[in-house]
Amino acid sequence: MRNLRRSKQWTGLIDRLVEEKDPETGQTAFPTLRELMVFAATLGYEQARREPLGDDSVDFVEGRVFPRSDVALDLLYLIALAAERKVEVIDEEHEEQALAVFEAYANGGCAVMDSWLDAHPADESPIRSLMTDLRRHGFFNNEEAHDGTPEDVVF
C-alpha cells in the first residue's frame, strides 16, 4: 500500500491535534496520525464532505502503518465501499481508487474539525473543543465523566 496523503492546508490543524496536550489530562486529541486520519475520514463520510486532494498534497500516514491495524484497514475499505457502492473498489487492483476515496473523506473531515476548532477559544485544548462539538452535533449523549469528557469515548 502506498503512503496515504493529505492536503498541506491542514498542517496546523494536525499539529494541534497530535501534539497539543490537554492541561488537565496531559493527553493529545489523537495519539497517532493513523487514528487521526481514520477519525477524519469517518467524520467526513458522516458529514458528506468528500473533498478530493489537489496538487498541494503531502504524505500523511505511511502505507505500511495502515495494514497493522485491522480496524483502520477495515474502515478504509468500508468507506470506499459505502461511497462507491461497487464491491470492486475493495479488490487489490482498485486499491488506488479506494485510497483516493478515503483520502477525500479525510480531507473533508479535516475541514469539519478545523471549522469546529475555529469556533472555540484558542486557549481551549483541542480534545475539549472536539468533545464539545461532537456532543453538540449529537454524536453521543450528554453523560459525562468527572473531568467533562464522555466516559465511553477513547481516542
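## Residue A111

A111 is part of helix α4 in this predicted model. With a relative accessible area of 11%, A111 is buried, because that value falls under the 20% cut-off. Leaving aside neighbours within four places in sequence, the contacts of A111 are W10, R49 and E51. F139 lies 28 residues from A111 along the chain, and the C-alpha atoms of the two are separated by 17 Å.

## Packing of α2 against α4

Two packed helices are described by the angle and the distance between their axes. For helix α2 (residues 33-46) and helix α4 (residues 95-118), the axes come within 6 Å and cross at roughly 85 degrees. The two helices, α2 and α4, are therefore roughly perpendicular to each other.

On the α2 side, the contact involves L36, M37, V38, F39, A40, A41, L43, G44 and Y45. These meet F102, E103, Y105, A106, G108, G109, C110, V112, M113 and W116 of α4. By class, the residues of this contact comprise 15 nonpolar, 3 polar and 1 charged.

## The chain as a whole

The chain contains 5 helices and 2 strands, arranged along the sequence as β-α-α-β-α-α-α. Its radius of gyration is 16 Å, close to the 15 Å that the globule rule gives for 155 residues, so the chain is as compact as a globular protein of that length. Taken along the principal axes, the C-alpha atoms fill a box of roughly 50 × 30 × 25 Å.

Of the 155 residues, 43% are buried. Among contacts with a separation of 6 or more, 67% are between residues 24 or more positions apart. The chain exposes about 8400 Å², of which carbon and sulfur atoms supply 48%.

Notes
Residues numbered from 1 in each chain as written. Predicted model: local features only at pLDDT ≥ 70, side-chain atom pairs only at ≥ 80, totals over all residues. Heavy atoms only, no water. Axes fitted to C-alpha atoms, helices over the stretch in contact; angles between N-to-C directions. Helix = DSSP H or I, 4+ residues; strand = E, 2+ residues; numbered from the N terminus. Parallel < 35°, antiparallel > 145°, perpendicular 65-115°, else oblique. Contact = heavy atoms within 4.5 Å. Nonpolar A, V, L, I, M, F, W, Y, C, P; charged D, E, K, R; others polar. Buried < 20%, exposed > 50% of the residue type's maximum accessible area, 1.4 Å probe, protein only. Rg over C-alpha atoms; globule rule 2.2 N^0.38 Å. Areas by Shrake-Rupley, 256 points an atom, 1.4 Å probe, with all protein chains shown as cover.
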